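Subject: A structure for you to explore

Hi,

Here is the structure I promised to pass on. Have a look at it first, and then read my notes below.

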Amino acid sequence: MEKQFIPLSVPNLKGNELAYVTEAVKTEWVSTAGPYIADFEKAAADYVHVPAACACQSGTAGLHLALKVLGIQPGEEVLVPTLTFVAAVNPVHYIGADPVFMDCDDTLTLDPKKLKRFCEEECEFDGNILKNKTSCRKVTALVVVHVFGNLADMEEIMSLAGTYHLKVIEDATEALGSCYREGAYEGRYAGTIGDIGVFSFNGNKIITTGGGGMVVSQNPELTERCRFLSTQAKKDTVYFVHEEIGYNYRMTNLQAALGLAQLEQLEEFIRIKKENYELYQKEGIKLLPFRSDIRSNYWFYSYLTDNRDGLIRYLEQHQIQSRPVWKLIHTLKPYAESRAYQIEKALWYYDRIVNIPCSSNLEGESVKRVAERIHSFLKEQT
Ligand SMILES: *Cc1c(COP(=O)(O)O)cnc(C)c1O
């Protein structure tokens with residue numbers, strides 16, 4: 001029997017988590033009010049340099065709120081990537097809009113060239129509204145996902161969005177801490193470049209609140225509106241007056257206590273993840289690179305192989321968890337009827353990517369064990 005099981009990506013809770021959660025329990029502030037919520041929002045906003053943030057129940061809830069407050073309407077079309085987690089796209093459906101699936105480039109994020117071609121060739125623009133020539137629907141927004149902690153080409157994407165009056169929702173759920181080091185967006189963090197950005201604190205993300213999310217924006221009116229909608233759109237707290245439909249999406253003080261403690265350690269987690277990413281390479285495991293003009297958070301490591309399923313099975317037999325990239329969303333049953341535009345690269349990467357262990361509490365010895373196993377798998381292949 002081989003030593004210990006090495007999981008893919010698990011929480012690391014060795015800071016002030018227990019102390020803060022204990023404090024929340026002791027003071028009996030456990031629900032959707034309490035000091036940790038505002039503290040966590042302030043700390044997250046400060047960290048990514050935005051004026052305000054709105055903490056909510058999940059990244060998915062955050063994305064739903066983001067589409068709502070940007071005014072995306074039922075029947076409109078929203079451009080989305082096919083290579084990502086389905087939670088980036090489902091909120092488009094929640095609001096009654098339709099996703100149009102786009103390809104990725106070699107960063108695994110939206111290919112700006114294909115986006116541009118789609119807008120130019122498949123749509124018409126009257127100087128104000130972009131319209132899909134095939135469906136005759138308005139195209140009003142795009143969801144860009146910063147896959148695995150890489151950043152999309154925001155310079156190109158923002159310029160295109162400016163040209164065609166598209167709202168930009170940044171799904172930065174996997175990229176908290178990633179930022180541009182040069183270019184037009186030097187110093188800008190994932191989630192703070194588009195109209196609105198969303199983080200997730202699910203258990204497998206770089207920091208966790210068990211489950212949770214955060215909406216950020218350079219425009220504090222948008223995050224304020226998210227807060228309003230996330231608390232049932234309550235106009236009057238005494239008489240409970242509601243003039244529109246809201247949601248129960250607010251984060252709890254317990255989650256925020258965990259989140260604040262986690263955020264204190266984020267830079268340390270990124271340091272360790274970078275170190276392990278480099279150690280894999282030193283051990284001869286070539287991983288997909290992150291953009292050279294960014295500081296990545298190194299959330300997930302991608303290894304390319306022609307025998308994806310074989311490698312995953314082999315590692316599993318040796319107590320190592322790994323995973324293929326998500327089944328492409330345009331091939332999933334609920335989206336089988338949706339439009340997809342020239343998907344090619346995403347298919348290629350889908351067939352080849354294996355994500356290998358990357359937790360921030362992964363020890364160097366474990367990295368070496370995973371590397372050795374990949375090498376022995378390759379040897380057995382030949
Ligand atoms: C994790 C994730 C989400 C959703 O976050 P939850 O907090 O689990 O709802 C959305 N999009 C992407 C790309 C993700 O990886």
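A polar contact is a pair of N or O atoms within 3.5 Å; within protein, one must be able to donate a hydrogen and the other to accept it, and residues adjacent in sequence count only if both atoms are side-chain atoms. With that in mind, a polar side-chain atom of Thr60 lies 2.5 Å from an oxygen atom of the ligand. A backbone N or O atom of Gly59 is 2.7 Å from a ligand oxygen atom, and a polar side-chain atom of Asp171 is 2.7 Å from a ligand nitrogen atom. The protein covers 93% of the 380 Å² of accessible area that the ligand has on its own (Shrake-Rupley method, 1.4 Å probe).

Please keep in mind that this is a predicted model: local features need pLDDT of at least 70, side-chain atom pairs count only at pLDDT 80 or more, and totals for chains, interfaces and linings use all residues. Residues are numbered from 1 along each chain as its sequence is written, and side-chain values use heavy atoms, leaving out hydrogens and water.

How many residues surround the ligand? There are 16, with Thr60, Asp171, Glu174, Ser200 and Lys205 the closest (a residue counts if one of its heavy atoms lies within 4 Å).

Elsewhere, the side chains of Asp106 and Lys345 form a salt bridge at 3.2 Å, N to O (a side-chain nitrogen of Lys or Arg within 4 Å of a carboxyl oxygen of Asp or Glu). The whole structure has 18 salt bridges.

Enjoy exploring!
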